[in-house]
Amino acid sequence: MPVTYRPMREADLLAVHEVNLRAFADLDRRRGTPYPGAAPDPAVALLRLRRLLEADPGGAWVAERDGAVAGVALALVREGLWGLSLMCVDPDAQGTGTGRELLARAHEYGNGARGHVILSSSDPRAMRAYARLGLELHPAVAATGVPQGVTAPAEVRDGGPGDLALTEAVDRAVRGAAHGADILSMLQGGHEMLVAPERGYAMLRGRQIRLVGAFDDDGARTVLRGALARVAERGESAHLEFLTVRQQWAIDVCVEARLDLQADCGCVFTRGDVGPFTPYIPSGAYL
């Protein structure tokens with residue numbers, strides 16, 4: 001059936017979420033690695049999708065086939081930094097050029113951006129598509145496991161909206177652009193913020209450590225240890241992704257905590273001015 005492309009609308013949110021679930025479940029099936037955890041909370045997923053649609057309508061596109069959403073691409077621009085937040089195609093529509101067309105539209109939204117970032121899954125087709133855009137590929141590892149021997153640093157405390165200025169200063173230092181209200185959206189969606197005052201911060205939700213940044217490596221290690229200690233207190237298995245060669249400081253902390261390193265989590269693509277991108281662990285949703 002013919003596929004058409006149009007800007008995403010509020011009424012598409014649930015359908016986009018469902019396509020996302022089917023696409024990544026299919027990827028896990030093809031890789032032989034079924035997702036071990038519970039399915040994402042729809043309320044949290046829709047909060048993210050709505051935030052991106054409202055903040056970046058020009059980067060939000062869907063593919064439609066026979067009246068149903070068959071794919072989606074969501075891109076954002078923050079202070080001159082473009083990022084691809086979500087790119088997926090329903091399994092039944094894959095191999096038809098749908099992903100290529102969606103990616104082209106999302107990429108066009110970043111025309112004039114000084115830097116570009118994509119956090120890619122391990123899907124070979126996705127990585128090939130991103131490499132064709134002219135972005136540089138940085139291999140990455142994930143770290144997972146119950147943290148051992150980690151003590152929460154005394155200076156790390158719970159953070160919140162009042163610490164937004166710190167997050168913005170850190171973000172501009174490590175990637176040249178603040179997340180701004182994206183951080184508030186993460187908090188609204190149930191993320192915890194941990195802060196080392198005047199040094200750095202981390203965002204986590206459950207066992208997932210989603211974002212870490214600091215002014216220097218020591219500050220980053222401090223807030224990462226605080227996040228790992230918080231997960232260890234719950235007796236859960238921590239998980240963090242997209243650790244490239246630039247994040248040796250994080251790999252060292254993960255090895256100290258006896259986490260397992262896994263090399264099949266995907267990779268990081270960058271182009272242009274993205275700042276030093278260290279000491280920094282990017283967010284999958286907000287880059």
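Phe269 is buried, with a relative accessible area of 0%, where buried means under 20% relative accessible area, exposed over 50% and partly exposed in between (1.4 Å probe, protein chains only). The structure is a predicted model, in which local features need pLDDT of at least 70 and side-chain atom pairs count only at pLDDT 80 or more, while totals for chains, interfaces and linings use all residues. Residues are numbered from 1 along each chain as its sequence is written, and side-chain values use heavy atoms, with hydrogens and water left out.

Phe269 forms an aromatic pair with Tyr130, with 5.7 Å from centre to centre and 75 degrees between the planes, which is edge-to-face. Rings of Phe, Tyr and Trp (its six-membered ring) pair if their centres lie within 6.5 Å; planes under 30 degrees apart count as stacked, over 60 as edge-to-face and the rest as tilted. Tyr130 belongs to helix 4 (residues 124-132) and Phe269 to strand 14 (residues 267-272), so the pair ties together parts that are 139 residues apart in sequence. Helices (H or I, at least four residues) and strands (E, at least two) are DSSP runs, numbered from the N terminus. Tyr130 is also buried, at a relative accessible area of 6%. Phe277 and Tyr280 have ring centres 5.2 Å apart and planes at 75 degrees, so this pair is edge-to-face; both residues are buried. The count comes to 2 aromatic pairs.

Pro279 lies in the loop between strand 14 and strand 15 (280-281). Most residues other than glycine have a negative phi, and most peptide bonds are trans. Phe242, which is not a glycine, has a positive phi of about 60 degrees; Phe242 is found in strand 12 and counts as buried at 9% relative accessibility. Arg258 likewise has a positive phi, of about 65 degrees, but is placed in the loop between helix 8 and strand 13 (260-262) and counts as exposed at 56%.

The loop between strand 12 (238-243) and helix 8 (248-256) holds Thr244, which is buried at a relative accessible area of 8%. Leaving aside residues up to four places away in sequence, Thr244 touches His138, Pro139, Ala140, Ile251 and Val268, contact meaning heavy atoms within 4.5 Å.

Helix 5 (residues 164-175) has 12 residues and reaches 16 Å from its first C-alpha to its last, close to the 16 Å expected at 1.5 Å a residue; the expected span is 1.5 Å times one less than the number of residues. Its buried residues are Leu164, Leu166, Thr167, Val170, Asp171, Val174 and Arg175. Seen down the axis of helix 5, they fall within an arc of 150 degrees, so they line one face of the helix; the arc is that of the directions from the helix axis to the C-beta atoms. In helix 2 (residues 42-55), the buried residues include Leu49 and Leu52.

The largest nonpolar core has 41 residues, and Leu49 and Leu74 are among those with the most contacts inside it. Such a core is a set of buried Ala, Val, Leu, Ile, Met, Phe, Trp, Tyr and Cys residues joined through side-chain atoms within 4.5 Å. Apart from it lies another core, of 26 residues, including Val212 and Ala250.
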